[in-house]
Amino acid sequence: MTTAVIPAPESGTEDLSVWPASTARHVHGGLTVGGVELAEVAERFGTPVYVLDEGEVRERCRTYRDAFPEAEVLYAAKAFLSRAMVRWVQEEGLGLDVCSAGELELAVAAGFPPERIVLHGNAKSPYDLESALRLGVGRIVIDSPSEIARIAAAIGPDGRQKVMVRVVPGISAGGHDKIRTGTDGQKFGLSVTDGSAQHAVARILAQPRLELTGLHCHIGSQITEVKPYLTALRRMVGLMARIRDAHGRVLPELDMGGGHGIAYRPGDASLDVTALARRLRSELAVSCSAAGMPIPRLAVEPGRAVVGPAGVALYRILAVKHTGDTLFVAVDGGMSDNPRPALYGARYAPRLIGRAPAAAPRTATVVGRHCEAGDVLAAGVELPGDVRPGDVIAVPVSGAYQLSMASGYNMVGRPPVVAVHEGGARLLVRRETLEDLRRRDIGA
């Protein structure tokens, strides 16, 4: 039987602008994503559950490929990674950016070509580097002076590894202090200001087993303006020109990182990817021309912007209560499956699904089940006044930095991931069970 579907409206209380493009609403209050009703996903797979729209992920990959046709687009795996995600990214023509042996080995085991993978991180373990060299990653991004000798010593007598240097360009950008990585005084990269970046370049060029292919920078996350990227690019090109002058070496690659901001709620700002690509190309051409240098191949590393808007988290309401003037709506998940509100003050726009409300909206605070006062998923949001235990709420823009940052707090187990596409739903990552948790505890 066919269910009547109403196209998603563009504004007002029913604004679905931050939801996947495939989202449609039903007359009875339900929502479908990828042709699958979300309430049915909650019934079939339980809650909490992450729902990932495969079509949305693929379309966002294509948007980047179209915007940066001559550049290398590397999906930042730390945002979310699974074997299915690896396959989607590979089929859409993107490379991968990983920051651990775990991410690297999962990707290679899923069939991703290691030469299209970049490994970075501020404190790579011996196993991280051993895996990268053994599997043959395309680039290792050097983040500290000690890595230079460690990598060179680990390469076989006839081996050679391509590397880049992560540079701190002195740019403050990002949605929160904890995700601003382009300034001096934080743990990532090598500074231009104190000369550590230039010193690292000289040391690498003196190592015959290391091939310096270019520079890397990442100025922060959840950036919604183009201007900081242009400023960073000019400084990076300036450093490349100084390297040429000092060492006679023209570097062929420039990786500008990611951090591309997305809208989590209707009305939030987001980065215009097409405008970013156009202006980066233009600025790169102008800056290189002024420096008398050939244009290096550009690389970008979107993660959140690819997978974030494709995800929806579903929770079942466990309790509703008034405390003073606050209406608390407690759900069966919380900070163990989404620590972002507690860490960064992230704000979401949850919505009741599965039934039509019978009461006017009222302001509520959605909280989790954990024994922590800071376990708040969404404060000051509008929900129907008749929300009750057993109802299901959906939180859009939940595809990035939720499962990848999920914890074992209170030993509740991490939620599953379900892919929806063309009317079908399938399990990608199963729910973590109490038996999984018990098996790890081997003490007497």
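**Helix pairs and cavities**

Reply: Let's start with a helix pair: helix α7 (residues 196-205) packs against helix α8 (residues 227-247) at an angle of about 45°, and their axes are 11 Å apart. Keep in mind that this is a predicted model.

Me: Why do you give an angle and a distance?

Reply: Because two packed helices are described by the angle between their axes and the distance between the axes.

Me: OK, so which word describes how α7 and α8 lie to each other?

Reply: Angles under 35 degrees count as roughly parallel, and 65 to 115 as roughly perpendicular. With about 45° between them, α7 and α8 are therefore oblique to each other. Their crossing is right-handed.

Me: Which residues make that contact?

Reply: On the α7 side you'll find A197, Q198, V201, A202 and L205, and on the α8 side L239, R242, I243 and H247. Sorted by class, the contact of α7 with α8 has six nonpolar, two polar and one charged residues.

Me: Now α6 and α7: at roughly what angle do they cross?

Reply: Roughly 10°, with the axes coming within 9 Å. That angle is under the 35-degree cut-off, so α6 and α7 are roughly parallel to each other. The crossing of α6 past α7 is right-handed.

Me: And what does the α6 and α7 contact consist of?

Reply: P145, I148 and A149 come from α6, while A200, R203 and I204 come from α7. The classes here are five nonpolar, no polar and one charged.

Me: Let me try the next pair. Where do α5 and α6 sit in the chain, and how do their axes cross?

Reply: Helix α5 covers residues 126-135 and helix α6 covers residues 145-154; their axes come within 10 Å and cross at roughly 45°. Handedness is right-handed for α5 passing α6. The contact is built from P126, L129 and L133 of α5 together with R150, I151 and A154 of α6. By class, the α5 with α6 contact divides into five nonpolar, no polar and one charged.

Me: Good, on to the voids. How many cavities of 30 Å³ or more turn up?

Reply: Three, from a search of the whole structure. The largest cavity has a volume of about 110 Å³. Its lining has 15 residues, and K78, H218, G259, E301 and Y401 lie nearest its centre.

Me: How does the lining of the largest cavity divide by class?

Reply: Into four nonpolar, seven polar and four charged residues.

Me: What about the second largest cavity: what is its volume, and which residues line it?

Reply: The volume is about 80 Å³. Y50, V51, L52, F80, G311, V312, S398, G399, Q402, L403 and V417 form the lining. Two elements give two or more residues to this lining, β5 (49-53) and β15 (311-323). The largest share comes from β5, with three residues.

Me: Which classes show up in the lining of that second largest cavity?

Reply: Seven nonpolar and four polar, with no charged residues.

Terms used. Residues are numbered from 1 along each chain as its sequence is written. This is a predicted model: local features need pLDDT of at least 70, side-chain atom pairs count only at pLDDT 80 or more; totals for chains, interfaces and linings use all residues. Side-chain values use heavy atoms; hydrogens and water are left out. Axes are lines fitted to C-alpha atoms, for helices over the stretch in contact, and angles run from 0 to 180 degrees between N-to-C directions. Helices (H or I, at least four residues) and strands (E, at least two) are DSSP runs, numbered from the N terminus. A crossing is left-handed if the near helix is turned anticlockwise from the far one by less than a right angle, and right-handed if clockwise. Contact means heavy atoms within 4.5 Å. Ala, Val, Leu, Ile, Met, Phe, Trp, Tyr, Cys and Pro count as nonpolar, Asp, Glu, Lys and Arg as charged, and the others, Gly among them, as polar. On a 1 Å grid over the protein atoms alone, a cavity is a set of points where a 1.4 Å probe fits but cannot get out, and a pocket is an open set with protein on both sides within 12 Å along at least five of seven lines; lining residues have an atom within 4 Å of a point. Grid points are joined across faces, edges and corners, and a volume is the space filled by probe spheres set on the points. Angles under 35 degrees count as roughly parallel, over 145 as roughly antiparallel, 65 to 115 as roughly perpendicular and the rest as oblique.
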